[in-house]
Amino acid sequence: MRCWGGGKVKHTLAVLVENRPGVLSHVAGLFSRRGYNIESLAVGETDDPSVSRITLVVEGDAKIIEQVSKQLNKQVEVIKVNDITEEETVDRQLLLLKVNADIAVRQEIMQIVEIFRCRIVDIGRRSLIVEATGDDAKIQAIIKSLQSFGIMELVRTGRVSIVRGQK
Amino acid sequence: MQLGAEILIESLRKENVRVIFGYPGGAALKIFDALKDAADIRTILVRHEQGAAHAANGYARASGKVGVCMATSGPGATNLVTGIATAYMDSIPIVAITGQVATSMVGTDAFQEVDITGITDPIVKHNYLVQEAGDILRIIKEAFYIAQSGRPGPVLIDIPQDVTAAMAENIDCKKVDLRGYKPNITGHIRQIKQVIELIEKAERPLICAGGGMNSARATEELLYMAENAGIPVTTTMMGRGSISQDHPLALGMLGTYGLAAANMAVQACDLFIALGMRFGDRVTGATAKFAPHAKIVHIDIDAAEIGKNMRVDVPLVGDLKVVLGQLNKRLQSKENLSWRTEIAEIKAKYRAKKMEAEAEEEISVADVIENLNKGLTNDCIVTTDVGQHQIWAAQKIKTNLPGKFISSGGLGTMGYGIPAAVGAQVACPDCNVYVITGDGSFQMGMPELGTALEQGLPLKIVLINNQTLGMVKQLQDHYCQGRYSSTEFSKSPDFHHLALAFGALSLRVAKRQELAAKMEEFVQHRGMAIMEVVVPARENVYPIVLAGSGLDEMVGT
C-alpha cells in the first residue's frame with residue numbers, strides 16, 4: 001500500500017458519533033488544525049438517540065483526508081467513519097429563500113417554483129419564501145433562477161447523504 | 001451515599017493508585033481534603049504543576065503503570081498543559097485530574113476558571129468534564145482503561161467543585177464498554193504472511209524499535225526475532241532500552257542526531273521493519289531520501305500512524321507483543337551473514353569521535369558520559385532534559401532495559417529531567433536515578449529539587465554546564481552563520497550554593513584529571529547529589545543531519 005499522491009477532491013464523510021456535548025468541536029478541530037475548511041456540515045440524531053451522525057463535506061488532498069479520517073476514527077467518541085465520496089448516494093439539502101416579489105413578478109416566480117417542484121411557504125406583501133430540497137445542482141439552479149428578482153435572504157442547510165441500497 | 005470527592009478517591013483506589021503528584025487550590029479543596037484521610041495513597045506535593053505532570057510521566061515510564069497528577073482549576077490546570085502535551089507526544093499513560101469552578105459558574109469567567117477540556121482537546125487521548133458525582137467511578141474506570149490500552153496516552157478529568165462536594169450513590173460499574181474505542185490487538189493474518197515472506201526474501205533486513213517497544217514491553221519477543229532471523233536492530237530515542245546497547249546486533253540510535261553506523265545501516269538495508277514508531281522528522285531526515293533501497297514494513301498499534309509520514313509497503317496493526325509472537329511462530333531461522341559482516345564493518349568505520357581538547361584539562365561531554373557509564377548498573381534509571389546533553393546521553397549512555405532511559409522525545413520539553421526523575425525515583429525507590437541536564441534545562445526544572453528534598457529522594461544530578469543553550473547555539477552555528485542570539489548566559493547562579501540550599505551534596509569539576517574521582521564520590525553518595533561539570537561551549541553534537549538531507553548525508557562523522 002503506497003499512501004501517496006492524489007490531488008484536491010471534495011470528500012463526503014459520514015461520521016457516527018456519541019450524541020454528547022463537545023464531540024462536534026472535536027471533530028471539526030481535526031480539520032481546522034490542518035487549515036481545511038468544512039464546506040458543509042449537517043448533524044442530527046440517528047435512529048438510536050445516543051448516536052448522532054455528522055455528514056461533512058470537505059475539500060482537500062486525498063492523502064490528508066485519509067489521515068484525518070484515521071485520526072477521527074481514533075477519537076473515543078467517534079463510533080465509525082465512512083468516506084462515501086465514491087459511493088452511489090442520495091444527497092439532499094434544504095433551502096429557504098426570501099425573494100422580492102411585487103405583484104408584477106409574483107406569477108413568474110410561482111411558475112419557476114412550479115418547474116423546480118419546490119414550495120412557497122410564506123407570502124408577504126412584497127416577498128415570498130421559497131422552500132426547496134434537492135442535491136447541490138438543483139439548489140444552485142433554483143438560486144440562479146431567482147437571483148434576478150432580488151434575493152432578500154437565503155439560508156441553506158448542510159448536505160445530508162445516504163448510500164443507495166443494492167440494486 | 002458518599003461525597004463526590006470520596007467517590008473519586010475510592011475509584012482511584014480501585015485502579016490501584018498508590019501515588020498522586022499534585023498541587024492543591026480552591027477548586028480542588030474537597031479532593032485534597034479527602035486525600036488527607038487516604039493513608040494508602042501517597043500524595044506528593046510538587047512545587048509547580050508542570051512538575052506534577054512530568055513526575056507522573058516519569059513514574060509511568062519507570063513503573064509501567066499509569067501516573068496520576070492533580071491540580072486545581074485555572075492556572076493549576078494550564079500549568080499542567082506542557083506536561084500533558086509531553087506525555088501525549090511520547091504516548092505515556094497518565095491521568096490528570098483538575099478541579100473546576102462549580103457547574104453553576106462554568107462559562108462566567110469565574111475566578112480561576114479556564115476551559116481546560118477545550119484547551120487540552122488536541123493533546124489528550126481523551127478528556128472528561130464530570131457533570132454528576134454519580135458518574136465519577138465510571139469515568140475514572142474508563143480513563144485508566146483508555147490511558148493504558150491501545151496506544152497509551154494522557155487522559156484529563158475535569159471535576160467541578162460542586163460535583164466533588166455533592167452526595168451521590170457510589171454505583172459500581174463492572175466493565176468498561178466504549179463502542180467507539182476498540183484497540184486492535186492481533187495482527188491480520190494476511191499481512192503477517194506478507195511480512196514473513198519479505199523477511200525471508202530480504203538479504204539486508206533492519207529492525208527499528210520505537211517507543212512502542214517500551215510500552216508493549218516486548219523486549220523478549222524482539223530479541224528472539226532479531227537473533228533467530230539474524231536482523232540488526234536500531235532504535236529511536238524513545239525505543240532506547242528495547243535492546244541492550246552491548247548486544248552484537250544492536251546499532252544504537254538512528255536519526256538526525258543518531259549514530260553514524262545506525263544511519264548508514266538504514267540507507268543500506270533492503271527491508272526496514274518499523275516496530276512501534278511514528279517516523280518522526282528527527283528519525284527520518286528528508287523522508288524522500290529515507291532507506292532508498294528498502295521495502296518498509298510498519299507495525300504499530302495505531303492505524304493512524306501508518307502512512308502518515310512514510311511510504312509503507314506492508315502495514316500491520318496490532319499490539320507488538322502479540323504481533324511479534326505471531327511472527328516469531330512462523331519465522332524460519334536465518335543468518336544473513338554477509339549483511340552482518342557489512343554491519344560490523346559499518347560499525348567499525350564510524351566510531352564516535354571526541355572533541356579535540358585545546359587544553360589538557362578540558363572536559364568533553366563524552367568523558368562525562370563514559371565516566372558515568374562506569375558507575376551504572378542495569379537497574380539504574382537515567383532521565384535527561386532537552387538539548388545537547390540529551391543527545392549525548394541518548395547516543396552513549398548505558399541503560400539497557402525498558403523504562404530505564406527517560407527523556408522527552410517528541411515534544412522536547414526542557415525542564416523535564418528533574419521532575420521526571422522525581423517520578424521515577426518514587427516508582428523505583430531502590431534504583432539509583434540519575435538526571436543528565438544542562439545549565440539551561442536545570443534552571444527550568446529546578447523547583448522540583450524542593451520536592452526531592454522534602455520527599456528524601458536521593459537523585460543524582462549531573463549538570464553539564466557549557467554556559468550556553470548549547471543545542472540552539474549549535475543550530476545557530478549551522479543555520480545562522482554562527483550569530484548567537486539569546487543563547488549565551490553572561491551570568492549564571494552559583495550552582496554550588498544552589499545545590500547546598502537544596503540539601504544536596506555539591507560537587508564541581510572543571511578539570512579532566514579530577515573527573516573520575518569526583519564521579520566516584522558522586523555515584524557512591526547516598527543522598528541527593530548534584531555534580532556540576534564545566535565544559536567548553538564550543539563542543540557540538542555530531543554527527544548531525546541538517547534539514548533537507550538524507551540520513552547518509554551527515555555532517556561531522
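Me: In S5(B), which residue is the bridge partner of Cys69(B)?
Reply: The partner is Ala96(B). This is a predicted model, where local features need pLDDT of at least 70 and side-chain atom pairs count only at pLDDT 80 or more, while totals for chains, interfaces and linings use all residues. Residues are numbered from 1 along each chain as its sequence is written, and chains are lettered from A and ligands numbered from 1 in the order in which they are written. Strands (E, at least two residues) and helices (H or I, at least four) are DSSP runs, numbered from the N terminus.

Me: In what sense do S4(B) and S5(B) pair, and over how many bridges?
Reply: Two strands pair if DSSP finds at least two bridges between them. S4(B) and S5(B), residues 94-100, pair in the parallel sense over 5 bridges. Strand S2 of chain B, residues 19-22, also pairs with S4(B) in the parallel sense, over 2 bridges. There Phe21(B) has Cys69(B) as its bridge partner.

Me: Which way do the residues of S4(B) point?
Reply: In a regular strand, side chains alternate between the two faces of the sheet. Here Gly67(B), Cys69(B) and Ala71(B) point one way, and Val68(B) and Met70(B) the other.

Me: Why is S4(B) largely enclosed by the rest of the structure?
Reply: A residue is buried if 20 or more other C-beta atoms, placed from the backbone, lie within 10 Å of its own. S4(B), residues 67-71, is largely enclosed because 5 of its 5 residues are buried.

Me: What unit do S4(B), helix H4 and S5(B) make?
Reply: A crossover is right-handed if, with the strands pointing away from the viewer, the path from the first strand over the helix to the second runs clockwise. With H4 (residues 75-89) of chain B, S4(B) and S5(B) make a right-handed β-α-β unit.

Conventions
Buried ≥ 20, exposed ≤ 12 C-beta atoms within 10 Å, placed from the backbone.
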